[in-house]
Amino acid sequence: MTWSEMQPLLSQACWDTLYMVGWSTLIAVVGGLPLGILLVLTDRGGMLQNGVANKVIGQVVNIVRSMPFLILMVALMTFTRWVVGTTIGREAAIVPLAIGAIPFFARLVETSVREVDGGLIEAVQAMGGNTWTVVRKVLVPESLPSLISATTTTIIAIIGYSAMAGTVGAGGLGDLAIRYGYQRFETELMWIIVAILAVVIAVIQLAGDSGARVLHRRAGKGGEPLRFNLFAGRTTVATAKVR
């Protein structure tokens, strides 16, 4: 196969992969962030301590995380058809990709949020802050560098999932590698796809690491002290330096 024949195939495959990964990452972050925070809040000693809810959520997350992605795709075919009307193509692949990534990201969020200094939480509670205030003013801002790293890890995992999704006709680089690189013995095309994926993952990792470092410096582990503006009704309760 000549380069002129490969180029349009690679262009379309790259766009399909970008489309699947982009939407799946967005859904995973929107669904996984509150789920991970909820795992921390409902745990023992948390602000919303609830043993039953914590165990149920944890078990559901563990079950989905432990399921191999190819099996998850097959198991969700009926649900995928109900959501998007088909089980083939990039739109259909987004459903299992997102569902598989949500618990993965939720556990990373849980780990990141647990690293937040408990003294900051106590300070906000002492100033009259409720659970939502603690989440919005402390847990998310203080864990933001770790959350950026978690998002980077999730994106890379979804890229790997999307390549596996190509085995069932999801489109993208994985599908191109299977149909041409494997089934038609186009070894050169296969190695080009491997190189593209390696470069994309390296760029994403570099961008994620750089973003996390910048946020870490701004958060201050040596920078400006964190300030909270707490409101009770229409009246300002306090504006305080925590560090």
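This is a predicted model: local features need pLDDT of at least 70, side-chain atom pairs count only at pLDDT 80 or more; totals for chains, interfaces and linings use all residues.
F79 is partly exposed, with a relative accessible area of 38%, where partly exposed lies between buried (under 20% relative accessible area) and exposed (over 50%), using a 1.4 Å probe and protein chains only. Residues are numbered from 1 along each chain as its sequence is written, and side-chain values use heavy atoms, with hydrogens and water left out.

**Overall fold**
- The chain holds 10 helices and two strands; helices (H or I, at least four residues) and strands (E, at least two) are DSSP runs, numbered from the N terminus.
- Along the sequence the pattern reads α-α-α-α-α-α-α-α-α-α-β-β.
- Of the 243 residues in the chain, 38% are buried.
- Taking contacts (heavy atoms within 4.5 Å) with a separation of 6 or more, 69% are between residues 24 or more positions apart.

**Confidence**
- The average pLDDT (the predictor's confidence in each residue, from 0 to 100) is 83 for the chain, and 89% of the residues score at least 70.

**Aromatic rings**
- The whole structure contains three aromatic pairs; rings of Phe, Tyr and Trp (its six-membered ring) pair if their centres lie within 6.5 Å, and planes under 30 degrees apart count as stacked, over 60 as edge-to-face and the rest as tilted.
- F69 and Y161 are stacked, at 4.8 Å centre to centre with 10° between the planes.
- That pair links distant parts of the chain, with F69 in helix 3 (residues 69-75) and Y161 in helix 8 (residues 144-165), 92 residues apart.
- F79 and W82 form a tilted pair, because their ring centres are 5.9 Å apart and their planes stand at 35°.
- Both F79 and W82 belong to helix 4 (residues 77-84), three residues apart, about one turn of the helix.
- The charged end of R90 sits over the ring of Y19, 4.0 Å from its centre; the test asks for NZ of Lys or CZ of Arg within 6 Å of the ring centre and within 35 degrees of the ring normal.

**Nonpolar cores**
- A nonpolar core is a set of buried Ala, Val, Leu, Ile, Met, Phe, Trp, Tyr and Cys residues joined through side-chain atoms within 4.5 Å.
- The largest one has 17 residues, of which M20, F69, A93, L97 and A165 touch the most other members.
- Helix 1 (3-41), helix 3, helix 5 and helix 8 each give two or more residues to this core, and helix 5 gives the largest share, five residues.
- F69 is buried at 6% relative accessible area, and beyond four places in sequence F69 touches P96, L97, Y161, M164 and A165.

**Helix 8**
- The 22 residues of helix 8 should span 32 Å at 1.5 Å a residue, and the end C-alpha atoms are 30 Å apart, which agrees; the expected span is 1.5 Å times one less than the number of residues.
- Buried residues of helix 8 include P145, L147, A150, I158 and A165.
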